[in-house]
Amino acid sequence: MIGYGKLVLVVDEVESERQETAFLLKQAGFTVVQACDGLEALSEMQQQHFDAVVTDFQMPYLNGLELLAESRAIWADIPVIIVSTAIWDMSETATANGVFAWILKSSSPGVLLSILAIAVEQGVERESHHAMEQVGAH
Amino acid sequence: MRPRNADAEKAVLNMLQRYEVLMMEDLIIGQPDFSYAQLFLAIDRLSRKNLIALHRMGMSYQLRPMNQERALGQEQQHEELVVHHR
């Protein structure tokens with residue numbers, strides 16, 4: 001299971017699509033927390049650390065890019081994956097803003113899961129690097 | 001200056017032509033000029049165009065060009081036919 005023990009926040013205002021993504025991730029072993037918009041997502045992120053965030057782009061209050069920017073103030077390292085319906089032009093902007101991945105909503109499940117596998121692996125490497133630094137500091 | 005997103009698709013396809021099968025991690029390491037986001041977007045677009053296929057391999061994913069995927073499928077079908085005729 002690629003997601004075993006890993007916590008992912010899924011943000012989408014459309015409940016059916018949010019549930020569908022959550023179901024896919026749960027099947028891959030991830031523990032999933034759901035939020036229906038950017039504000040609820042930020043509130044969840046203030047309460048706990050997530051290994052990755054998968055968010056829709058078009059949402060009320062905060063769009064995916066705004067959520068990415070706001071989330072950087074809480075957890076700078078969390079990989080944020082934005083799923084969008086079509087706006088390819090925005091992908092360059094998103095890349096420049098530090099998005100981990102920008103994919104289309106109708107992507108094959110393998111695309112999202114393969115990206116999450118890399119995101120989670122990077123997180124584990126980052127944590128062990130931090131731990132090594134802390135051991136070295138003492 | 002970073003190369004543009006469209007160049008990432010060519011880079012992924014070129015790498016797959018050279019190696020035929022690639023782990024996602026190897027692709028990322030092999031293309032340091034592109035950001036993760038650019039490479040992931042390229043993978044998404046190429047899989048949507050049916051030019052590449054993704055397969056889970058343990059804790060990671062493997063990329064294959066679709067022509068190889070079709071060849072493998074035909075080979076399997078052929079083997080099944082041979083077994084069936086024996």
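**Figure 1. A close-up of A:Asn63 and its contacts in this predicted model.** Setting aside neighbours within four places in sequence, A:Asn63 touches A:Phe57 and A:Gln58. Its place is the loop that joins strand 3 (52–56) to helix 3 (64–74) of chain A.

**Figure 2. A view of A:Ile81 and the nonpolar core.** Here we move to the largest nonpolar core, which has 58 residues. Within this core, A:Val8 and A:Ile81 are the residues with the most contacts. Helix 5 of chain A provides the largest share of the core, eight residues. Which residues does A:Ile81 contact, apart from neighbours within four places in sequence? They are A:Ala52, A:Val53, A:Val54, A:Phe100, A:Ala101 and A:Ile115.

**Figure 3. The elements of chain A, from the N terminus on.** Chain A is built with five helices and five strands, and these follow one another in the order β-α-β-α-β-α-β-α-β-α. Of the 138 residues in chain A, 40% are buried. Among contacts in chain A with a separation of 6 or more, 62% are between residues 24 or more positions apart.

**Figure 4. Where chain A meets chain B.** Chain A brings 19 residues to the contact and chain B brings 16 residues. On the side of chain A that touches chain B, the elements giving two or more residues are helix 4 (90–96), strand 5 (101–104) and helix 5 (109–137) of chain A. Helix 5 of chain A gives the largest share of that side, six residues. Sorted by class, the side of chain A that touches chain B holds twelve nonpolar, six polar and one charged residues.

**Figure 5. Chain B and the confidence of the prediction.** For the model, the scores are ipTM 0.80 and pTM 0.83. The average pLDDT of chain B is 83, and 74% of the residues score at least 70. Among the elements of chain B, strand 1 (residues 22–23) has the highest mean pLDDT (94), whereas helix 4 (residues 66–85) of chain B has the lowest (63).

Key: Residues are numbered from 1 along each chain as its sequence is written. Chains are lettered from A and ligands numbered from 1 in the order in which they are written. This is a predicted model: local features need pLDDT of at least 70, side-chain atom pairs count only at pLDDT 80 or more; totals for chains, interfaces and linings use all residues. Two residues are in contact if their C-beta atoms, placed from the backbone, lie within 7 Å. Helices (H or I, at least four residues) and strands (E, at least two) are DSSP runs, numbered from the N terminus. Ala, Val, Leu, Ile, Met, Phe, Trp, Tyr, Cys and Pro count as nonpolar, Asp, Glu, Lys and Arg as charged, and the others, Gly among them, as polar. A residue is buried if 20 or more other C-beta atoms lie within 10 Å of its own, exposed if 12 or fewer, and partly exposed in between; C-beta atoms are placed from the backbone. pLDDT is the predictor's confidence in each residue, from 0 to 100. A nonpolar core is a set of buried Ala, Val, Leu, Ile, Met, Phe, Trp, Tyr and Cys residues joined through C-beta atoms within 7 Å.
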